[in-house]
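Open the model in your viewer and keep the selection panel at hand. The stops below say what to pick next and what is there.

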Amino acid sequence: MPRIARALAVLAGAATLATVAAGAATVDPAARGETLFHIGGCVNCHTAKGGATLAGGDPLRTPFGTFHPPNITPDPETGIGSWTLADFVRAMREGRAPDGMPYYPAFPYTSYHRLTDEDLADLFAYVRSLPPVQKRTPDHDLRFPYNLRFGLYLWQWLFHDPQPFVPDPAKDPLWNRGAYLVLGPGHCAECHTPRNWLGALDTTRLFAGNPAGPGGDKVPGITADPENGIGRWSRDQLAFYLKVGMRPDGDFAGGEMARVIENGTSRLADEDRLAIATFLLSLSPP
Ligand code: HEC
Ligand code: HEC
């Protein structure tokens with residue numbers, strides 16, 4: 001009898017160990033999604049100054065009119081509480097609502113489509129873990145013909161290729177991690193690249209800067225061009241800027257970039273900032 005008891009005790013102990021190991025391997029997806037949420041800058045558009053997190057943002061003025069970023073809290077009526085993961089993946093990758101209607105590219109799905117399936121699932125888990133807020137946001141106020149949403153079917157056909165990120169096997173993992181963060185969740189090109197007259201990114205001048213960025217601000221180039229870019233910055237100076245917002249000349253980042261740093265890049269791991277800097281400094285001027 002004692003022998004059986006001992007055997008049972010050993011078995012029970014093994015089971016406990018197995019549970020602990022499994023627990024350690026499956027880090028909470030919502031915790032992983034939090035990093036993507038920060039670098040994705042969802043708060044910058046979907047949270048009004050002084051308002052509840054993700055319950056709808058301040059008006060977003062563009063040459064096409066004013067957008068009112070919607071409530072994306074898990075409230076089932078006024079937010080995205082009734083969405084499935086498939087609905088979320090479709091919105092972020094294809095730029096389509098659950099009913100199939102196209103979204104305006106003011107929602108930067110034109111970059112977010114590069115997130116991997118796993119990262120989209122983690123990001124969704126994190127967004128779903130935030131408190132639901134019941135609040136309706138106003139309709140967008142756009143000029144004709146931009147107010148005709150079905151025109152976006154043509155726009156997406158012309159300009160949107162909803163593929164996830166494909167790593168470059170010729171480059172090392174740090175470079176690829178940086179490319180992924182910059183081109184995907186970080187959506188850095190959305191401000192740092194000029195746009196054509198239909199509001200699509202001019203991919204022949206990627207990261208060359210934008211004379212008419214958000215709110216009409218001039219956005220500097222961030223390729224390795226020493227004149228119209230950051231070619232004179234060292235990798236550590238760039239990583240430091242993304243952490244605390246101070247440029248090599250001692251000036252601090254202003255405007256939209258201050259928010260990108262505060263809500264986004266400052267909350268990343270040092271390794272991720274180094275990855276971003278490695279990728280940007282590898283970009284030759286267009
Ligand atoms: C630059 C501003 C901006 C950023 C950053 C942004 N969004 Fe949005 N988002 C918008 C706008 C504007 C819309 C409305 C688009 C439309 O009506 O066609 C929108 C719509 C959405 C929708 C559709 C909601 C609905 O009710 O149909 C989802 C989901 C969404 N965003 C998720 C996110 C997530 C997650 C992030 C962060 C990873 C994010 N957004 C970052 C501007 C932004
Ligand atoms: C919402 C628009 C926006 C987004 C998104 C954005 N930036 Fe910026 N960025 C700016 C603006 C505006 C400035 C100029 C800031 C200033 O005047 O101090 C800037 C400045 C910079 C600079 C300094 C350039 C210089 O010459 O001073 C770097 C580096 C930079 N951004 C990197 C990034 C990276 C990396 C990302 C993506 C993680 C990113 N930015 C996303 C708007 C943006």
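**First stop: an enclosed helix**

Select helix H8, residues 173-183: eight of its eleven residues are buried, so the rest of the structure largely encloses it. Buried means under 20% relative accessible area, exposed over 50%, and partly exposed in between, with a 1.4 Å probe and protein chains only. Helices (H or I, at least four residues) and strands (E, at least two) are DSSP runs, numbered from the N terminus.

This is a predicted model: local features need pLDDT of at least 70, side-chain atom pairs count only at pLDDT 80 or more, and totals for chains, interfaces and linings use all residues. Residues are numbered from 1 along each chain as its sequence is written, chains are lettered from A and ligands numbered from 1 in the order in which they are written, and side-chain values use heavy atoms, with hydrogens and water left out.

Colour the buried set of H8: Trp175, Asn176, Gly178, Ala179, Tyr180, Leu181, Val182 and Leu183. What do the buried residues of H8 pack against? Show helix H2 (29-40), helix H5 (109-112), helix H6 (117-129) and helix H12 (270-280). Contact here means heavy atoms within 4.5 Å. Now go to the start of H8. A side-chain oxygen of aspartate 172 comes within 3.2 Å of the backbone nitrogen of leucine 174. This is a polar contact, that is, a pair of N or O atoms within 3.5 Å; within protein, one must be able to donate a hydrogen and the other to accept it, and residues adjacent in sequence count only if both atoms are side-chain atoms.

**Across to H12**

Select H12 next. Eight of its eleven residues are buried, and the helix is mostly covered. The buried residues are Asp272, Arg273, Ala275, Ile276, Ala277, Thr278, Phe279 and Leu280. They pack against H2, H8 and H10.

**The iron sites**

Zoom to ligand 2. Which protein donors does its iron atom have? They are His192 (NE2) and Met257 (SD), lying 2.1 to 2.3 Å from the iron. Donors are N, O and S atoms within 2.8 Å of the metal (3.2 Å for Na, K and Ca); water is not among the atoms, so sites may look incomplete. Histidine 192 sits in helix H9 (residues 189-192) and methionine 257 in helix H11 (residues 255-263), so the pair links distant parts of the chain, 65 residues apart.

Histidine 192 is buried at 9% relative accessible area, while methionine 257 is partly exposed at 21%.

Move to ligand 1. The only protein donor of its iron atom is His46 (NE2), at 2.0 Å. Histidine 46 belongs to helix H3 (residues 42-46).

Select threonine 193, in the loop between H9 and helix H10 (235-244). Threonine 193 is buried, with 0% relative accessibility. Leaving out residues up to four places away in sequence, threonine 193 touches Leu201, Asp202, Arg205, Leu206, Phe207, Gly209 and Asn210.

**Helix H7**

Pick tyrosine 153 in helix H7. Buried or partly exposed? Tyrosine 153 is partly exposed, with a relative accessible area of 36%. Beyond residues up to four places away in sequence, tyrosine 153 touches Arg96, Gly100, Met101 and Pro102.

**Backbone stops**

Select the peptide bond from phenylalanine 144 to proline 145: it is cis, with omega near 5°. Proline 145 lies in the loop between strand E3 (141-142) and H7.

Go on to leucine 54, in the loop between H3 and strand E1 (60-62). Its phi is near 65°, a positive value in a residue other than glycine. Leucine 54 is buried at 0% relative accessibility.

Then select histidine 187, in the loop between H8 and H9. Histidine 187 has a positive phi of about 40° although it is not a glycine. Its relative accessible area is 17%, so histidine 187 is buried.

**Zoom out**

Show the whole chain. Its secondary structure comes to twelve helices and three strands. The C-alpha trace spans about 85 × 50 × 35 Å along its principal axes. Of the 286 residues, 42% count as buried.
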